[in-house]
Amino acid sequence: MPPPRSGPPETSGATRAVRADDAAATSDAAVWAARDRLVDLSHAIHAEPELAFEETRSVAKTIAPLAERGFEIETGVAELPTAFRARFGSGALTVGICAEYDALPEIGHACGHNIIAASAVGAALGLAEVADALGLTVVVLGTPAEESGGGKVLMLERGAFDDIAMAMMVHPGPYDIAGARSLALADLGVVFHGREAHASAAPEMGRNAGDAVTVAQVALGLLRQHLQPGQQLHGIVGDGGVAPNIVPGRAELLYYLRAVDSAALDDLMRRASACFEAGALATGCTHEIRTLAPTYTELTPDPALLCAYREQIAGLGRVPIAPELEARRPLGSTDMGNVTNVIPGIHPVIGIDAGAAVTHQPEFAAASVNASADRAVIDGAIALARTAVAVARDEEHRDRLLQRLLQRQEDIR
C-alpha cells in the first residue's frame, strides 16, 4: 500500500491525465478543500459508535456538511428514523452515494463505517461542484443498519432508490478490491420450545430445549463437510436456559447462513432447516424458524462502473488485487448486494493499514482512524466522484443508465 499523502497528488502521469479534465479537477479540488472536515467527520462518528437503527448522532454529523453546501435534506425516509436523503442539482442522471454509519456491538467501528460515511460525503461535495455542467443530480443516501437489519433493503423496497440511476460506495478493508464480491445471507433465529421441570427431582417430566440446541448444532457441524463451495453457516446460542436446576423450556439459536448466490442460499436453508428439525425431534421439543432481518443478495458490480472505478483508483496510486482473485475473496455479506441486483452499482474495498487485523476485530476498529484510514476517506471520495464524472461524460454509458432507470420506473408503475 502506498504511503499516506499530506496533499493532493500532482506528479503521476495517470493523475495528470485525469486532471486535464476540468470536471475531474474541479471535483478533486472540492474534496481536498474539505479534507479536514471529512477526516474530522470520520473520527467523530468513530468516537461515538451506534448500533443498527439507533444512529441518531451519526446521522446528524453526516448531514451537517451536506446541509451547509446546500443539499436538500430529508430525514426519516422509508419510515426509518435514521435513514436520510441529501439531494443536490437537477440533472437527468441521478447518482446515488450510499453512506453507512452503524457500528458493531462492543467492538464499535470494526468494519470502518465511519470511513464509508465520510468518503460518501466527500464524493458528494466534489460532485456538487460539477453537477450542473455534467447534468447530474447528486443524492447521498444515509443507509442505517447494514451490520444487522438490512436498511438498504427496506429503503429499496419503500422507494428511496426509485430515482437512482447508479449507486456507489466504498468500504474499508485490509487491501484494495475494485470488483468486490459478497455472499447472499439469511439471518435466522431458531427457537426451541420444551417443558420445564426440576432437573434433579423430576427430570423425566421435562423436555430439554437446551438439548435440542445441542443436537441441532452437532447436526450442523456434521453438515459442514458436505456443503457446496461458498456455503457457510455460523451462529451462537442466544438463550440456553435460566438455571442449572431447571430443565430449559426455551432455547434459541442465532445463525447466519451464507452462499455465493441466492439459489445456493435456498439450498443451504433447506439443509440447515432439517438440522434444526432434527434437534427438536430428538428431544421431544417443537421449534420455529424466524427470519430476523431481510435476506441479503450477493453483490453484482456493474461492469462499466467497475471499469471506470478501477481506472480512477489506479490513478490515485493504488493497486487493487487482480480481477481473477476477486471472486475468491468474498467480503462476508452486505445489503448493498440487494441494491446492485436492481440498480447498476459498485461496492469496492479501499485498503487501510490495519497490520494483521481484518474487519470485525478490535484492532481493525483502532486502525479505522489511523493515517491510512484518513487517506482512504479522501482517496475513496475522489475515486467515487471521478467514476461518476467519467460515466456522465460517456454518452453510451450515460444513455444506458438512463434507459435502465426508465425501464425500472415503468416496471414499478
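Let me start with Glu106, which sits in the loop between strand 3 (93-99) and helix 5 (113-128). Helices here are DSSP runs of H or I with at least four residues, strands are runs of E with at least two, and both are numbered from the N terminus. Glu106 is exposed, at a relative accessible area of 87%. For accessibility, buried means under 20% relative accessible area, exposed means over 50%, and partly exposed is in between, with a 1.4 Å probe and protein chains only. From the C-alpha of Glu106 to that of His347 is 26 Å, and the two residues are 241 apart along the chain.

A word on the source. This is a predicted model, in which local features need pLDDT of at least 70 and side-chain atom pairs count only at pLDDT 80 or more, while totals for chains, interfaces and linings use all residues. Residues are numbered from 1 along each chain as its sequence is written, and side-chain values use heavy atoms, with hydrogens and water left out.

Is His109 buried or exposed? His109 counts as buried, because its relative accessibility is 3%. A polar atom of the His109 side chain lies 3.4 Å from the backbone oxygen of Ile45. A polar contact is a pair of N or O atoms within 3.5 Å; within protein, one must be able to donate a hydrogen and the other to accept it, and residues adjacent in sequence count only if both atoms are side-chain atoms. Leaving out residues up to four places away in sequence, His109 touches Ile45, His46, Pro49, Tyr101, Asp102, Ala103, Asn114, Phe364, Ala365 and Ser368. Contact means heavy atoms within 4.5 Å.

Now strand 3 itself. Of its 7 residues, 7 are buried, so strand 3 is largely enclosed by the rest of the structure. Leu93, Val95, Ile97 and Ala99 are buried on one side, and Thr94, Gly96 and Cys98 on the other. Strand 3 runs parallel to strand 4 (residues 136-142), and 7 bridges join them. It also pairs with strand 5 (residues 166-168), in the parallel sense, over 3 bridges. Two strands pair if DSSP finds at least two bridges between them. Ile97 has Val140 as its bridge partner in strand 4 and Met168 in strand 5.

These strands belong to an open sheet of 6 strands, in the order 1-2-4-3-5-11, with mixed pairing. Which strands stand at the edges? Strand 1 (72-75) and strand 11 (345-346) do, each with a single partner strand, so one side of each is left without a neighbour in the sheet. Strand 1 runs antiparallel to strand 2 (residues 84-89), with 4 bridges between them. In that pairing, Ile73 stands opposite Ala86.

Next, the cores. The largest nonpolar core has 68 residues, and Leu66, Phe71, Ile97 and Leu127 touch the most other members. Helix 14 (residues 371-393) gives the most to this core, with 13 residues. A nonpolar core is a set of buried Ala, Val, Leu, Ile, Met, Phe, Trp, Tyr and Cys residues joined through side-chain atoms within 4.5 Å. Beyond four places in sequence, the contacts of Ile97 include Ala120, Leu127, Val139, Leu141 and Leu384. Another core, of 26 residues, lies apart from the largest one, and Leu188, Ala212, Phe276 and Ala280 are among its members.

Phe276 and Ala280 are also among the buried residues of helix 9. Helix 9 (residues 262-283) has 22 residues and reaches 32 Å between its end C-alpha atoms, close to the expected 32 Å. The expected span is 1.5 Å times one less than the number of residues. Its buried residues are covered by elements including helix 8 (209-223), strand 8 (232-239) and strand 10 (286-291). At the N-terminal end, Asp261 caps helix 9, with a side-chain oxygen 3.3 Å from the backbone nitrogen of Ala263. After helix 9 comes Gly284, with a positive phi near 75 degrees.

Last, the whole chain. There are 15 helices and 12 strands. Of the 413 residues, 54% count as buried. The C-alpha trace spans about 80 × 45 × 40 Å along its principal axes.
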